[in-house]
Amino acid sequence: MSASYGSASARLMPGSEQIKVEMRNKYKKPTTLHCGAGSGYSLSVAACSVIALFLLLQLYSHLPQKDALSLEPRLPTSNHFRELEEVEEENIQMPPPRKRSPRAVKRKPKRPTTFIDEFLDETSQLRRIFFPDMKTAIDPNKGNDSFYYYPGRIWLDTDGNPIQAHGGGILFDEKSRTYYWYGEYKDGPTYHAHKKAAARVDIIGVGCYSSKDLWTWKNEGIVLAAEENDEIHDLHKANVLERPKVLYNEKTRKYVMWMHIDNVNYTKAHVGVAISDSPAGPFKYLYSKSPHGFDSRDMTIFKDDDGVAYLIYSSIDNSELHVGPLTEDYIDVKNVVRPILIGQHREAPALFKHQGTYYMITSGCSGWAPNAAMAHASESIMGPWETMGNPCIGGNKIFRETTFFSQSTFVLPLPGLPGYFIFMADRWNPADLRDSRYVWLPLMVGGPVDRPLDYDFGFPLWSRVSIYWHKKWRLPYRWNE
Ligand code: DGJ
């Protein structure tokens with residue numbers, strides 16, 4: 001771990017040295033003025049210059065501290081990185097058990113309530129801890145807490161509306177040097193299609209937001225919209241559209257979106273594909289299919305350094321994941337697929353790469369309820385993949401065992417900060433899905449893994465993946481320069 005932040009600060013230090021040198025030279029300048037002239041006139045000019053310089057220095061030393069500080073180069077230092085890796089504890093207590101009538105107790109003895117029950121219970125006294133109200137919203141228009149992430153708080157866009165980009169992912173568009181965040185636009189009523197069905201919101205479409213700084217997000221609108229009337233269309237509002245992700249294809253110059261397409265009972269289990277000429281859409285829906293002939297539910301796509309892209313999806317009733325390359329135009333899969341993490345029952349895959357190794361975060365399968373994340377690693381994207389354990393650090397035991405009450409959706413690399421990523425997750429609110437929250441946290445790759453691995457023969461091939469809990473955090477100053 002220290003190696004990664006050490007190298008980042010080493011890389012950035014020369015810049016700060018350069019600024020200091022320039023400042024020194026600037027102050028040297030007046031002392032060299034006309035020194036060789038030797039005349040009385042030059043002497044008086046020199047004396048005046050010294051007095052003027054003295055007065056300037058006096059004035060400068062009386063400037064308010066804030067202004068003085070602003071002359072300091074504000075580059076990331078190893079301290080800023082250490083802040084990200086601080087282990088922050090949480091101390092939430094179970095509320096006392098609620099009073100029940102003796103008759104109710106006799107009829108149905110109550111099993112012990114868990115934190116997950118409290119989390120899912122709309123009337124719980126802990127509700128405001130997990131779902132703080134509008135008063136604490138992250139608001140780019142207020143700017144008083146600029147660039148701070150507060151996992152779980154409502155996050156407003158530049159129009160002042162809660163961001164609707166659930167189960168989402170981020171594309172960095174090289175052409176416009178802008179980040180685009182795509183996700184499920186769930187701003188409708190939550191209901192159950194039938195008694196046993198999971199909570200749902202009708203498809204509205206895929207929301208898209210743009211940002212230069214990963215904190216201030218402008219709503220670009222719904223870039224792929226539901227079909228209101230055509231009942232046999234995949235995007236008919238009564239169906240399911242989840243986890244949209246977008247990649248740019250250099251060869252075709254198209255933005256390609258992949259998503260999970262399903263029916264109300266999640267028995268269709270398809271992937272859908274849409275394309276656009278612009279990152280901000282509109283996207284044209286192409287089709288859906290069972291990739292490689294298999295069922296496909298939670299999914300993601302990943303573009304490798306060589307431009308080859310891959311589809312990764314939960315399959316065989318979520319019992320394993322499948323991975324296979326996309327065609328060159330990214331609008332279909334090739335006829336190549338490998339099963340991975342067989343029998344491990346993982347979903348919500350979020351894949352990333354560091355120093356030639358592939359890493360992935362997944363969740364368990366428990367509907368909208370949170371569960372423990374796992375980190376996995378592999379030398380080849382096609383596997384075999386190894387499970388390294390729970391990447392969550394800090395909070396408390398229940399925070400770590402519930403991925404901080406959230407579920408993985410994407411891991412975003414931070415250019416210029418090798419080894420550092422943003423872990424993006426959803427804190428689902430099944431009672432009101434539109435009010436689901438975002439949990440963004442720093443993810444670091446480094447240090448030894450926690451447990452012996454299957455294939456390492458005592459020489460671990462990969463490093464630990466760590467996701468650090470923070471109530472409030474921000475990226476280092478000028479992280480993107
Ligand atoms: C868990 C998945 O990860 C979500 O995307 C969603 O499909 C829910 N299950 C539905 O219960």
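What share of the 481 residues in the protein is buried? In this predicted model, buried residues make up 49% of them. The chain forms 8 helices and 23 strands. If you look at contacts between residues at least 6 apart in sequence, 55% of these join residues at least 24 apart.

Let us go inside next. In soluble globular proteins, nonpolar side chains tend to be buried together. Here the largest nonpolar core has 63 residues, and Trp181, Leu214 and Trp440 are the ones that touch the most other members. Strand β22, residues 437–445, gives this core its largest share, with 7 residues.

The largest pocket holds about 870 Å³ of space. Its lining consists of 30 residues, and Phe172, Glu174, Leu247, Lys303 and Pro413 lie nearest its centre. Strands β1, β7, β11, β15 and β20 each give two or more residues to this lining. By class, the lining has 18 nonpolar, 4 polar and 8 charged residues.

The second largest pocket has a volume of about 400 Å³. Around it are 21 lining residues, and nearest its centre you will find Glu242, Tyr266, Asp298, Glu347 and Gly367. This lining is made up of 7 nonpolar, 7 polar and 7 charged residues.

Notes
Residues numbered from 1 in each chain as written. Predicted model: local features only at pLDDT ≥ 70, side-chain atom pairs only at ≥ 80, totals over all residues. Heavy atoms only, no water. Helix = DSSP H or I, 4+ residues; strand = E, 2+ residues; numbered from the N terminus. Buried < 20%, exposed > 50% of the residue type's maximum accessible area, 1.4 Å probe, protein only. Contact = heavy atoms within 4.5 Å. Core = buried A, V, L, I, M, F, W, Y, C linked by side-chain atoms within 4.5 Å. 1 Å grid on protein atoms, 1.4 Å probe; cavity = no way out; pocket = protein on both sides within 12 Å on 5 of 7 lines; lining within 4 Å. Points joined across faces, edges and corners; volume = space filled by probe spheres on them. Nonpolar A, V, L, I, M, F, W, Y, C, P; charged D, E, K, R; others polar.
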